[in-house]
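Please read the points below with the coordinates open.

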Amino acid sequence: MARTITFIDAINEALHQEMERDSRVCILGEDLGMGGGVFKATAGLYQKFGEERVLDSPLAEGIIIAAAIGASLVGYRPVPEIQFADFIGDAVDPILQQAAKLRYRSAGGYSCPITIRVCWGGGTGGGLYHSQENTTWFAHEPGIRVLAPSTAYDAKGMLIAAIRDENPVLFFEHKKLYRTAKSEVPEEPYTVSLDEAAVRRPGRDMTVLTYGYMASVVMEAAEEMAKRGVEAEVVDLRTLAPLDKRTIVESVRKTNRCLIVHEDTKTLGIGAELSAILNEEAFDDLDAPIMRVTGPDIPPVPFSPPLEKFFMVDKDKVMAGMEKLAGY
Amino acid sequence: MATKVNRATAVREAPASRHSPELLLGLYRMMVKCRMCDEKARILFKQGKYAGNFYSNVGQEGGEVGGAFSLRKDDWVAPSHRDWTSCIVKGAPLKACFAQLYGKTDSPDRGKSTPAHMGYPELHIITPASTIAAQLMIGTGVAWGLKRQGKDSVVVSYCGDGATSIGWFHEALNFAGVHKLPMLYVVQNNLWAESVPLRLQTALTDLSDRAKGHGITGVSVDGNDILAVYEAATKAIARARAGQGPTVLECKTYRWYGHSEIDPAKYRMPEELAEWKKKDPIPRFEKYLADRKLLNDQIKKQVRDEITHEIDQAVEFAENSPYPAPEEALEHIWA
């Protein structure tokens, strides 16, 4: 039976259900056991499953991820947590050089089914070191999935699918969505495809490619623009690596225009790759240059409210971008 | 009269070993095998038989063999790039080891990684990477999993002196200490981290002191004394199996050759190398065995002949093994 719950409750429910279903699933990270996590994403798990399966780790991201990798080699399906994406630096070697390459460098002899939950994103006054997006640090590396769901429904279904997936996965949870994104979510476990983008809104005039918190901002902007006669097709990427090129290209072939919206800084954000893909595969279908509305190329994200507002993409900035593209 | 003769004989004879002849000769054979395979690997590289690079372990066989010789099949090894021979100690077939050097399809990774990065999943040898101390962290994670499963298997990891400086070494030791994990960290202190001498690496004299800061056991031994290493490692492994926690075992030794085969190691004084060659762990153990009448020239020759034959077969196998098809580069990225 479905009921309306928040994004964070959907994540918490997915963790509870997967841990109940499969005794190989265990979690570890900072403050997530007895404390239930700084955002309470892991609330109740320690009380239900105990320290054996819900481990408060030392304050050291490298060993959090490496311990998960090692445990996966002996049959576990660990779900380590990185408290804030900004703190992931110490774990970059374990993630990129170990987990992502382990299958490859052992020719399939080893596999590494870990799901790394990472809290990311700005717009909550977190400032520098509590707001950053760094999805593209990882989307660049073959061998690790990078997910960034935007709805409570997808959060639950994609997290369950990720835990059951044999590949290492980075599961980015936007903190702004934790309590603002709500949707009808079935009580029972289910999975959502990790290979497909979702068309959130059909439209004929332009395609808007986005993901994460920006997906909700873009949807609001698209509704406003519809009143002005511009029907945008909103494609929520959901999975940033590997990208669902088919859905992206098919949508742009239909609409002939493309706007890319992301919160991440502009240079070498995922938009650069999306633009290159469309240039390679849909050049003849384009009636206008591909345009981007993104975070500016400044250290993400400055703290003072006016500075954060300057950084964050909002509805007005998206609408301005859509106006510009529609008028080209 | 008879008493006098006996006394004289007793003075000349070395005290009996605590270990069985089978074990002693097993350790000896394995050290010679590692030395001969390593030297062969160097020659093959210099002959241009394979690309990439090779990181010789010659001179360090005491730690390499002693550290893992008593492991069971269900135990794990986490090697570094300098521990190709640790695969031999754990029981990997020489054919696979040499195919690894050549990057052929009969190597465990089908040519994906480099000559130095040999793993062997069936024998629980973790495929190494070049990023320093990563193998210690992954190995520690394996030990965490094994302990959670209630198994009494252990993990032996290898690293050099240089790896004790990086943060990940300490994250691993700290985690292993907190959870009393079944880990043995073998630190091959060969005095040089590539071209950097130990005095610029650390203010410590004994690298086993690194363990103190993490509340775990640290032991330093003469790494060129195979029995000292074997006994310390076996004790540490028994402690680990019994749930008494991890150990850092520093083996004081010396790397005979350069960091890799393209490094002539001109930064070292020839006198230092000459001094350490006098402490070669193999002749030293040969004397120990000969003193106990367990080894003579005939047995030595027999051991070397057998290993030479096995190496020749392995090299021939590796040379005849096919290269992967170019498209294989696309395989094994995703499940």
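1. Two residues count as in contact if their C-beta atoms, placed from the backbone, lie within 7 Å. By that test, 32 residues of chain A are in contact with 34 residues of chain B. The model is predicted: local features need pLDDT of at least 70, side-chain atom pairs count only at pLDDT 80 or more, and totals for chains, interfaces and linings use all residues. Residues are numbered from 1 along each chain as its sequence is written, while chains are lettered from A and ligands numbered from 1 in the order in which they are written.

2. Helices (H or I, at least four residues) and strands (E, at least two) are DSSP runs, numbered from the N terminus. On the side of chain A that touches chain B, the elements giving two or more residues are α3 (61-73) and α4 (92-105) of chain A. The most comes from α3(A), with 9 residues. By class, that side of chain A divides into 17 nonpolar, 10 polar and 5 charged residues. Here Ala, Val, Leu, Ile, Met, Phe, Trp, Tyr, Cys and Pro count as nonpolar, Asp, Glu, Lys and Arg as charged, and the others, Gly among them, as polar.

3. Axes are lines fitted to C-alpha atoms, for helices over the stretch in contact, and angles run from 0 to 180 degrees between N-to-C directions. Angles under 35 degrees count as roughly parallel, over 145 as roughly antiparallel, 65 to 115 as roughly perpendicular and the rest as oblique. The residues that α3(A) brings to α6(B) include Ile63(A), Ala67(A) and Gly70(A), and among those they meet in α6(B) are Gly141(B) and Trp144(B). The contact of α3(A) with α6(B) has 11 nonpolar, 6 polar and no charged residues.

4. Within chain B, helix α5 (residues 94-102) and helix α11 (residues 297-320) have axes that come within 8 Å and cross at roughly 45°. On that angle α5(B) is oblique to α11(B). Among the residues of α5(B) in this contact are Phe98(B) and Tyr102(B), and α11(B) contributes Ala314(B) and Phe317(B), among others. The classes here are 11 nonpolar, no polar and 3 charged residues.

5. Chain A has an open sheet of 7 strands in the order β3-β2-β4-β5-β7-β6-β12, with mixed pairing. Two strands pair if DSSP finds at least two bridges between them. At the edges stand β3 (54-56) and β12 (239-241) of chain A, each with a single partner strand, so one side of each has no neighbour in the sheet. From one strand to the next, the twist averages 20°. Strand β2 (residues 25-29) of chain A pairs with β3(A) in the parallel sense over 3 bridges, and Leu28(A) has Leu55(A) as its bridge partner in β3(A).

6. An open sheet of 5 strands in chain A runs β9-β11-β10-β13-β14, again with mixed pairing. Strand β10 (residues 206-210) of chain A is joined to strand β13 (residues 258-265) of chain A by 3 bridges, and the two run parallel. Leu209(A) stands opposite Ile260(A) in β13(A). Helix α9 (residues 270-281) of chain A packs on this sheet, touching β10, β13 and β14 of chain A, and its direction makes about 155° with that of β13(A).
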